[in-house]
Amino acid sequence: MTIKILALSGSQRTGSWNSLLVRAAAAGAAAEGADITVLDWADYALPLYDPDREKAEGFPDAVLRLKALMKAHHGFLIAAPEYNGSLTPLLKNAIDWASRPAAGEASMACYKHKVIGLLSTSPGVFGGVTGLVHLRAILSRLGSFVIPEQYPVGEAGKLFDETGAMRDPKLRAIAESIGARTATVLKHWPDRVP
């Protein structure tokens, strides 16, 4: 069975460094035989999570499509910028919507038994590591296995060339190793879905 991994950034900014970083990690997973889908947030315009809206109107179409996409993959690669010491509102909102069960859906169906690799980059020297701590705690609480290895890399403005490739082959190899490790764990993960 082919391992399917969803790669996504916690940023929707044009030219996002984290979007570039997750593509490097995805290349490492692909090299291990994983089938990669890169999520484009432009295809999933999610409203701010509102329990009253959910009760009155049900799930917006974008949420249903995002949940279906997540459930169709065995694991995720997430590159998450740090906002004020935590994760971005975009990413937290998506996590919250996807955690809500639709009618007839198992609890945490988008997260249980998923294997996740985490990365981040930021202009500062710490690379967004504090945000990854919060993200790891949330995803673990939702039933996912977050691999122990993670990759926060600083000085994001110097990392990528004009084509979006990582300049330093050693740093690129570390990013690729997160993807490769995620794919390798999934190959041997006993409870993988779908």
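Visitor: Why is Glu 54 called buried?

Guide: In this predicted model, Glu 54 has a relative accessible area of 13%. Buried means under 20%. The value of 13% falls under that cut-off, so Glu 54 counts as buried.

Visitor: Where does Glu 54 lie, and what is Glu 54 in contact with?

Guide: Glu 54 lies in helix 2, residues 51-57. Neighbours within four places in sequence are left aside here. Glu 54 is then in contact with Tyr 49, Phe 59, Trp 97 and Arg 100.

Visitor: On to the helix pair. What describes two packed helices?

Guide: The angle between their axes and the distance between the axes.

Visitor: What makes helix 4 and helix 5 roughly parallel to each other?

Guide: Their axes cross at roughly 5°. Angles under 35 degrees count as roughly parallel. Helix 4 and helix 5 are therefore roughly parallel. The axes of helix 4 (residues 89-99) and helix 5 (residues 129-141) come within 12 Å.

Visitor: Which residues make the contact?

Guide: Helix 4 brings Leu 91, Lys 92 and Ile 95. Helix 5 brings Leu 135, Ile 138 and Leu 139. By class, that is five nonpolar, no polar and one charged.

Visitor: How do you know that strand 1 and strand 2 pair?

Guide: Four bridges join strand 1 (residues 4-9) to strand 2 (residues 35-38). Pairing needs at least two bridges, so these strands pair. The two strands run parallel. Leu 6 has Thr 37 of strand 2 as its bridge partner.

Visitor: Which helix does the chain cross through from strand 1 to strand 2?

Guide: Helix 1, residues 17-31. This β-α-β crossover is right-handed.

How values were computed. Residues are numbered from 1 along each chain as its sequence is written. This is a predicted model: local features need pLDDT of at least 70, side-chain atom pairs count only at pLDDT 80 or more; totals for chains, interfaces and linings use all residues. Side-chain values use heavy atoms; hydrogens and water are left out. Buried means under 20% relative accessible area, exposed over 50%, partly exposed in between (1.4 Å probe, protein chains only). Contact means heavy atoms within 4.5 Å. Axes are lines fitted to C-alpha atoms, for helices over the stretch in contact, and angles run from 0 to 180 degrees between N-to-C directions. Angles under 35 degrees count as roughly parallel, over 145 as roughly antiparallel, 65 to 115 as roughly perpendicular and the rest as oblique. Ala, Val, Leu, Ile, Met, Phe, Trp, Tyr, Cys and Pro count as nonpolar, Asp, Glu, Lys and Arg as charged, and the others, Gly among them, as polar. A crossover is right-handed if, with the strands pointing away from the viewer, the path from the first strand over the helix to the second runs clockwise.
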